[in-house]
Amino acid sequence: MNRDMSYSAVMSRKNEIMKKAIGIDYSLFESGGISFDYERMMREAGYSLEEIQRIQSGTGVGNTPILELRNITALARKCAPKGKGARIFIKDEAANPSGSFKARRAANAVYHAKKLGYKGVIAATSGNYGAAVASQAAMAGLKCIIVQECYDSKMVGQPEILEKQRVCEAYGAEVVQLSVGPELFYTFLRLLEETGYFNASLYTPFGIAGVETLGYELVMQFREKLGKDPDKVLITHAGGGNVTGTARGIIKAGADKVEVVGASVDLSGLHMASDKDFNRKSFTTGHTGFGIPFATWPDRADVPRNAARPLRYLDRYLIVKQGEVFFVTEALSVLEGIERGPAGNTSLTAAFALAQEMDEDQTIVVQETEYTGAGKHPMPQISFAKQNGIEVLFGDPDEEIPGKNIVFPDEPSKIKIRDFDLSKAKASYIKNAINNYGKTEINRNDFDFLIKDAKSDEEFVLSVLTELGVKIS
Amino acid sequence: MVRKGDWVQIHQIVLKPEERAAHLPEDTKKVPLELWVKGFALEDGKIGDEIEIQTVTGRKVKGELLKVNPRYIHDFGDYVPELTKIDMQLKEIAFGGGKDE
């Protein structure tokens, strides 16, 4: 077999390679335009909630505890006006086999791969998902390759990513490490073609459906504990799967009054494909460098149609600072006796600020934690930042400039709410849809799809379309 | 000297700077896309030689021999005194019995 392995040749075989590696015929759900039948895709290509619960319980995934953070709540109340300060709860997803909620996504993907007879699975991820796929593959007896963006051009890697390499290897996976750049996708395609393994993408219908159990379980446990639904659920937002899956699960539990709030770490100004910027960030996930592009154009993913569509579900999107997340990670350790990884505490940081604008009898559930350890802990991450010339200081977190400094709040009351304007994100999503499909005119079907996909209304979508000079036929 | 069967890490240039994708930031454009992977050496060799390895999934890959029994280098980093300062402040506010009590 003498196939052309050049960059352009492999990229041009993308659709053919992907079809073999996922086993989903996405054309079944297409309309020929911007719209596609999202719910039908989730129904027919995914699994029902009951099936997923059965799959996950088979590998010890899920049923993680909800813990009330009494001391952090008390601290928030000390910073809040009288009568304010909602009760903060956390769902301890670090209790999953691979140490994060990603086990839920991986359990489904690996189950599906095995059912379809694949010999192995491949996932492109530098994060917790790699550990999750490797762990699940070990249980299923499948081979596993994890492709990581890991080092800069001097072979220096983020301690957090180096730890992910170690843990994936501990679960018996092969880890292919790459330097910085979007051509990771090229290597990924070559590996899929070479091995014939299953693409355990983060963005398939079954991957996203795997997270639905988290939202569903959270509501059920909360009802059992407090006899009511939580007022708000806080979700760390990166690629969109955590928000989408959790929110769908909340809806399936019938808790339709719950406000779904996303949170990301502010990494604005750092270029995600820059060799130099790569090691100047202290968060490798849960940040705006993924959160905003994936919200405003989900179909940039490694599958033709992304099952993670966060704008459909977000009621609010909050931005936190690196220094604030490290601060709250310390608070979780020394005030609650729960030591967890910083990236997973992104939404807890937002919850700490958000609780202060809510009444004392209201409740917030932070829906994840992640494991911690060497590399994946505030200490190595901050000392790595210092080695890279990042200034570390105390002060007002609003003065933090990603890549230049990390500002720890000099007092907890300095942790603030920063709303990212969702209508801006929605408008840019609509623009991306129009531009990527090169449309000057769309039909009613596409118009309705855009309304749903942006969780918006006719008036708003129409105003953006008018601005773009796009007509509805 | 590396013996056949040793656990090693190899290095490859996947794309030279001129072969890389369009629209990369200037700094990334100037450097190659590199790859590192570990496996069992399929032949004897010394550091810097081009050798073939077999990975844990059974794939055969060629590349420049970089390390034998590569160790994990990440740890808990240098001590960060700022974190202790945060811890002490948090405990003081939460449990210290300050003027709010």
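How many residues of chain A are in contact with how many residues of chain B?

**View 1. The side of chain A that touches chain B.** In this predicted model, 47 residues of chain A are in contact with 36 residues of chain B. Several elements of chain A each supply at least two residues of this side, including the helices α5 (70-79), α8 (159-170) and α9 (184-195) and the strands β4 (143-151) and β5 (174-179). The element that gives the most is α15(A), with six residues.

View 2. One residue to look for here is A:Gln177, whose bridge partner in β2(B) is B:Trp36.

**View 3. Strand β5(A) within its own chain.** Within chain A, β5(A) also pairs with β4(A), in the parallel sense and over six bridges; at one place along this pairing, A:Val175 of β5(A) is the bridge partner of A:Ile146. Six of the six residues of β5(A) are buried, so this strand is largely enclosed by the rest of the structure. In a regular strand, the side chains alternate between the two faces of the sheet. Accordingly, A:Glu174, A:Val176 and A:Leu178 point one way from β5(A), while A:Val175, A:Gln177 and A:Ser179 point the other way, and all of them are buried.

**View 4. The largest nonpolar core.** This core holds 162 residues, and A:Val110, A:Val121 and A:Val133 are the ones that touch the most other members. Helix α10 (residues 205-226) of chain A contributes the largest share, nine residues. Both domain 1 (61-97 + 206-414) and domain 2 (422-472) of chain A give residues to the core, so it lies between them. Around A:Val133, leaving aside its neighbours within four places in sequence, the contacts include A:Ala106, A:Ala109, A:Cys144, A:Ile146 and A:Ala200.

**View 5. Chain A as the setting for these details.** Chain A contains 18 helices and 14 strands. Its radius of gyration is 21 Å, close to the 23 Å that the globule rule gives for 473 residues, so chain A is as compact as a globular protein of that length. Buried residues make up 59% of the 473 residues in the chain.

Notes
Residues numbered from 1 in each chain as written. Chains lettered and ligands numbered in written order. Predicted model: local features only at pLDDT ≥ 70, side-chain atom pairs only at ≥ 80, totals over all residues. Contact = placed C-beta atoms within 7 Å. Helix = DSSP H or I, 4+ residues; strand = E, 2+ residues; numbered from the N terminus. Pairing = 2+ DSSP bridges. Rg over C-alpha atoms; globule rule 2.2 N^0.38 Å. Buried ≥ 20, exposed ≤ 12 C-beta atoms within 10 Å, placed from the backbone. Core = buried A, V, L, I, M, F, W, Y, C linked by C-beta atoms within 7 Å. Domains from an automatic or database assignment.
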